[in-house]
Amino acid sequence: MTLGFPYGLSSRRPCRRRAQFVVGLCVAALVWLTGGPSPVAAAQSLPGDLSADVEIRSAVTFHLDAPWTGPPPSRVSVLFGLPHGIVTRRGRAPFEIADGRLTASHRWRPRGTLLPGADIEYRFEIRNENGTARTSTSSVTYIDGELPWQVQSEGLVDFWWYAGDDDLATDAADGIRSGLDALADDFGLELRRRTRLVFYADGDRMRADMGRGTRPWVGGVASARFNLIVLHASEFDWGRSTLPSTIAHELTHIAIEHAVGEPPRNIPSWLHEGVATVVESSVAERFSYDDIVDAAFAADRLVSLRGLTGSFPVQSTGALLAYAQSNSFVKFIIDRWGESAITRILDAYREGASQDRALRQAVGLSLSALEAEWLATLDRSDAEPTDSAGLLSTAAAFALPLPQP
Ligand SMILES: [Zn+2]
């Protein structure tokens, strides 16, 4: 499954909403490029002009206009996919030959959600009896062309926005810098590929651009395979106090996935969100996670960590508790074994280890044993974690907590 972590708004108050990022995962999202890599055979180089039209919310049409002599080809195709050749698809392109030129087009209607801001690479391939010829590769950004985008870079991150004053860019740059510094200094983590951060001032438009099926509570989406984070940030009050830490949180998810590499591994949510909340808190405190955990175990509401390996609840205090427990548990590991333990766990995942094996390799204990020790530090060694199955949504994955419990 392709990774994605949307977050949504807990409540939508159009006149005075803050940038409230809640969560959920669009499972349907990001499933548009599931084909395997195309076979790469020796092919001639074909000169030609490539272009692409983006119809945001519906389609991308790829065009080829190339000089052509001789008999018509047997087949013209377009190969397209994510940058870095992670996945590739092929589509048949009907063609015409006239006045010594071959023109061909393929209109692609992505199924699932194609995130605005995604880059798509493409090239054409022509087959005839003499063999196969391919054009060079071009790329197109799937973006809402009616908005006056501004672009700025900070390190390996490009961020795009179309409304709001310079403070937004300043705070975004600050969040990117702070987040990347914390990831590098504390965990030795870094982005391995250029990553794009796209801000929408209009949440409804953002959700519409994400495509049909985007839930009304979604406040953003992040995907490591797309190297992309899309966030709703209101033009009037876009959450300045929390924007840098929110960005640091989301960049952590991308950096973790980059560290583990391809194919994506099934990294447990408690680890993803635990590290993300630790990095987020090093930039600015968004939530009093310790207080939330204290209150939960005082009320005997702690959730089993095995219940926090999959998707988190989308909303409600249950979601916030899931983050708070993840934060507490990861801090416990760091306090006991140091930040390098997190690196060792991720190294084990990169090599394909299961959860228990990764933990045993990194710290010598299974998840259950670790959980017992963690509970002991909370003075709750006799606590019985409750069954969390009912709390978890199979449709949600990496989420950001609600700003208010
Ligand atoms: Zn998260």
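Predicted model: local features only at pLDDT ≥ 70, side-chain atom pairs only at ≥ 80, totals over all residues.
Two packed helices are described by the angle between their axes and the distance between the axes. The table sets out these values for each pairing.

| Pair | Residues | Angle between axes | Distance between axes |
|---|---|---|---|
| H1 and H3 | 166–187 and 243–260 | about 45 degrees | 8 Å |
| H7 and H8 | 339–350 and 355–363 | about 135 degrees | 8 Å |

**H1 and H3**

Helix H1 packs against helix H3 at an angle of about 45 degrees. H1 is therefore oblique to H3, and the crossing of the two is right-handed. On the H1 side, the contact is formed by Asp171, Ala172, Asp174, Gly175, Ile176, Ser178, Gly179, Leu180, Ala182 and Leu183. H3 contributes Leu243, Pro244, Ser245, Ile247, Ala248, Leu251, Thr252 and Ala255. Of the residues in this contact of H1 with H3, 11 are nonpolar, 5 are polar and 2 are charged.

**H7 and H8**

Helix H7 and helix H8 pack at an angle of about 135 degrees. Because angles over 145 degrees would count as roughly antiparallel and those from 65 to 115 as roughly perpendicular, H7 and H8 are oblique to each other. H7 passes H8 in a crossing that is right-handed. From H7, the residues Ala341, Arg344, Ile345, Ala348 and Tyr349 take part in the contact. They meet Arg357, Ala358, Leu359, Gln361, Ala362 and Val363 of H8. The contact of H7 with H8 comprises 8 nonpolar residues, 1 polar residue and 2 charged residues.

Key. Residues numbered from 1 in each chain as written. Axes fitted to C-alpha atoms, helices over the stretch in contact; angles between N-to-C directions. Helix = DSSP H or I, 4+ residues; strand = E, 2+ residues; numbered from the N terminus. Parallel < 35°, antiparallel > 145°, perpendicular 65-115°, else oblique. Left-handed = near helix turned anticlockwise from the far one by under 90°. Contact = placed C-beta atoms within 7 Å. Nonpolar A, V, L, I, M, F, W, Y, C, P; charged D, E, K, R; others polar.
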